[in-house]
Amino acid sequence: GAATEGLLVWVDPWRAEAKGEEHHLEAEKDGLGLNLVLTPEKPPVLHGQGGYSLKAAGTQMASHYYSITRLATRGRLRLPDRTVAVTGTSWFDREFSTSHLAPHQVGWDWFALQLSDRSDLMLYVLRLQDGSLDPASSGTWVDPEGHSRHLTLADFHLQATRTWKSPHTGAAYPAAWELAVPSLGYRLSLTPTLADQELRTGGQSSLIYWEGQVQVQGSRYGEPCSGRGYAELTGYAGSMGGRF
């Protein structure tokens with residue numbers, strides 16, 4: 001179910017709820033569970049042009065997309081044999097759309113990065129059937145105070161430098177990247193913390209894609225800059241064009 005006002009959604013014992021400024025998350029299954037409280041450290045950020053994020057050049061395919069890029073997180077993780085107190089920093093994404101991925105698009109590479117200078121980067125590239133990138137590829141930079149700046153494809157350069165082949169599906173995914181954002185002074189290397197983070201969802205609408213944690217090392221204007229983030233890679237185990 002879901003409430004019609006504010007954030008309150010649930011599926012059986014899984015629950016996400018906003019209480020004032022805090023977000024509460026609860027989930028439990030097969031002896032594993034979590035109970036977390038997340039407090040925003042920055043205001044929500046609208047991606048694209050005022051929250052309208054174009055997904056295919058020359059079309060009306062788009063989404064409404066916003067994020068809270070840093071939330072101080074505390075709570076408990078339940079394991080089969082013990083309960084562990086945890087703290088950390090989370091990233092909240094919300095995106096909704098009535099459009100499909102364009103038929104000539106194969107998939108996307110998406111990144112959300114929290115950097116040691118207290119700034120944050122969201123970037124995605126949309127891959128086309130001919131191997132090129134859709135000009136609608138874009139991103140957002142969020143400064144330490146929470147002010148945002150829209151980035152076009154011309155503002156950054158993302159190059160895969162290594163691949164990993166799934167032993168489960170045979171799909172080959174990028175496994176390391178060099179990222180440059182010249183106007184902001186960033187030169188960063190992104191590396192997965194674990195190679196095998198491929199998801200195989202099964203069922204009638206089975207999707208196979210890679211998503212997981214990445215580590216960040218590099219510099220900004222010549223000064224050391226590190227961080228951590230999350231990546232989502234689709235279309236490597238079969239085209240996503242026209243799906244969703």
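Two strands pair if DSSP finds at least two bridges between them. The legends below describe close-up views of a predicted model.

**View 1. The hairpin of strands S7 and S8.** Strand S7 (residues 62–79) and strand S8 (residues 82–96) are paired in the antiparallel sense, with 14 bridges. Two residues lie between the strands of this hairpin. Threonine 73 is placed opposite glycine 88 of S8.

View 2. Leaving aside neighbours within four places in sequence, the residues in contact with serine 53 are His47, Gly48, Ala62, Ser63, Tyr65 and Tyr124. Its side chain also makes a polar contact of 2.6 Å with that of lysine 55.

**View 3. The salt bridge between glutamate 95 and lysine 55.** The N to O distance is 2.8 Å. This pair links distant parts of the chain, 40 residues apart: glutamate 95 belongs to strand S8, and lysine 55 to the loop between S6 and S7. Lysine 55 is buried, at 16% relative accessible area, whereas glutamate 95, at 38%, is partly exposed.

**View 4. The salt-bridge network of Lys42, Arg70 and Asp120.** Arginine 70 forms a salt bridge with aspartate 120, with 2.8 Å between the closest N and O atoms. The pair links distant parts of the chain, 50 residues apart, arginine 70 lying in strand S7 and aspartate 120 in strand S10 (residues 120–128). Arginine 70 is buried, with a relative accessible area of 6%; aspartate 120 is likewise buried, at 0% relative accessibility.

Definitions and conventions:
Residues are numbered from 1 along each chain as its sequence is written. This is a predicted model: local features need pLDDT of at least 70, side-chain atom pairs count only at pLDDT 80 or more; totals for chains, interfaces and linings use all residues. Side-chain values use heavy atoms; hydrogens and water are left out. A polar contact is a pair of N or O atoms within 3.5 Å; within protein, one must be able to donate a hydrogen and the other to accept it, and residues adjacent in sequence count only if both atoms are side-chain atoms. Contact means heavy atoms within 4.5 Å. Helices (H or I, at least four residues) and strands (E, at least two) are DSSP runs, numbered from the N terminus. A salt bridge is a side-chain nitrogen of Lys or Arg within 4 Å of a carboxyl oxygen of Asp or Glu. Buried means under 20% relative accessible area, exposed over 50%, partly exposed in between (1.4 Å probe, protein chains only).
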